[in-house]
Amino acid sequence: TLKLNAGSGYKTYVWNDGSVDSVLTAYTTGQYFVMAEDYCGNIYTDTITITQAPDVPFDLGPDLKMCKNDTLTITAPGSFSKYTWSGTYNINSSNGKTVKIWPAADTSYTVIAEVATGCTVVDTIRIKVNKPIPISIGSDTGFCIGGNAVFTAPTGFVNYVWQDTSGGQTFTATQKGIYWVHATDTNGCVSADTAEVK
């Protein structure tokens, strides 16, 4: 809608639709005119043509994937006067161009952006949440002096990083201490486990 205001201070007003208020709300495109008479009997007229604004491109981009317990930042395109997000599940703000999200399950987020003229654009993005694969390198253990313990991470991961930054699926401990592995799966999600050698 667009509010047309003929101004105050006139005795009478007549719009093209026959209404007699100083303000007319336009709901469609077209030509609108008003005739106003002042207190001296002078007649004034004005005409305006309302056309549809061109489509405003607005796209949040393709749907996204993330790992559970991660945080994702989404930035809406353009420089609009107002942004309103719906899908308020695990989102840091319901308005603003950039938001941070951390859903624990698949979720869709919709943003409505308002152009200065009052027009709005809308887009929705779906977030698929990948859950890390469970991992275990075994129980806490111990060994005699001169011995060792071998920790083995399960298969199904594309990368393994142990506490000493070494890689590989296995790690041989020769001293007491805390040992851990971070393993990355094909979705980029990281699983971790820790064991202690006493």
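Okay, let's start with the link between Cys67 and Cys189: the angle about its S-S bond is -100 degrees, and that makes it left-handed. The pair is a disulfide with its sulfur atoms 2.0 Å apart, where the term stands for two cysteine sulfur atoms within 2.5 Å. As a reminder, a disulfide is a covalent bond between the sulfur atoms of two cysteines.

Before I go on, the ground rules. This is a predicted model, with pLDDT of at least 70 required for local features and 80 or more for side-chain atom pairs, while totals for chains, interfaces and linings use all residues. Numbering runs from 1 along each chain as its sequence is written, and side-chain values use heavy atoms, with hydrogens and water left out.

The cut-offs here are under 20% relative accessible area for buried, over 50% for exposed and partly exposed in between, using a 1.4 Å probe and protein chains only. Now look at two other cysteines: Cys40 is exposed at 70%, and Cys144 is exposed at 64%. Searching the whole structure turns up one disulfide.

Next, packing. The largest nonpolar core has 20 residues, and those touching the most other members are Phe58, Ile74, Tyr83, Trp85, Ile101 and Ile127. By core I mean buried Ala, Val, Leu, Ile, Met, Phe, Trp, Tyr and Cys residues joined through side-chain atoms within 4.5 Å. At least two residues come from each of strands E7 (72–75), E8 (82–86), E9 (98–101), E10 (107–114) and E11 (120–130). Which strand gives the most? That's E11, with four residues. There is another core apart from this one, with 15 residues, including Ile135, Phe151, Trp162 and Val197.

Zoom in on Ile127. Leaving out residues up to four places away in sequence, Ile127 touches Leu64, Met66, Leu72, Ile74, Ile101, Pro103, Asp106, Thr107 and Tyr109, a contact being heavy atoms within 4.5 Å.

Ile101 brings us to E9. Val99 and Ile101 make up the covered face of E9, with Thr98 and Lys100 on the uncovered one. E7 and E9 pair antiparallel over four bridges; pairing takes at least two DSSP bridges between the strands. In that pairing, Thr73 has Lys100 of E9 as its bridge partner.

Last stop, the loops. Asn90 isn't a glycine, yet has a positive phi of about 50 degrees. You'll find Asn90 in the loop between E8 and E9, partly exposed at 23%. Thr165 is another non-glycine with positive phi, about 70 degrees, in the loop between strand E13 (159–162) and strand E14 (170–173). Thr165 is exposed, at 66%.

Then there's Ser22, in the loop between strand E2 (12–15) and strand E3 (23–26). Ser22 is buried, at 18% relative accessible area. Beyond its neighbours within four places in sequence, Ser22 contacts Leu4, Asn5, Ala6, Gly7, Tyr13 and Trp15.
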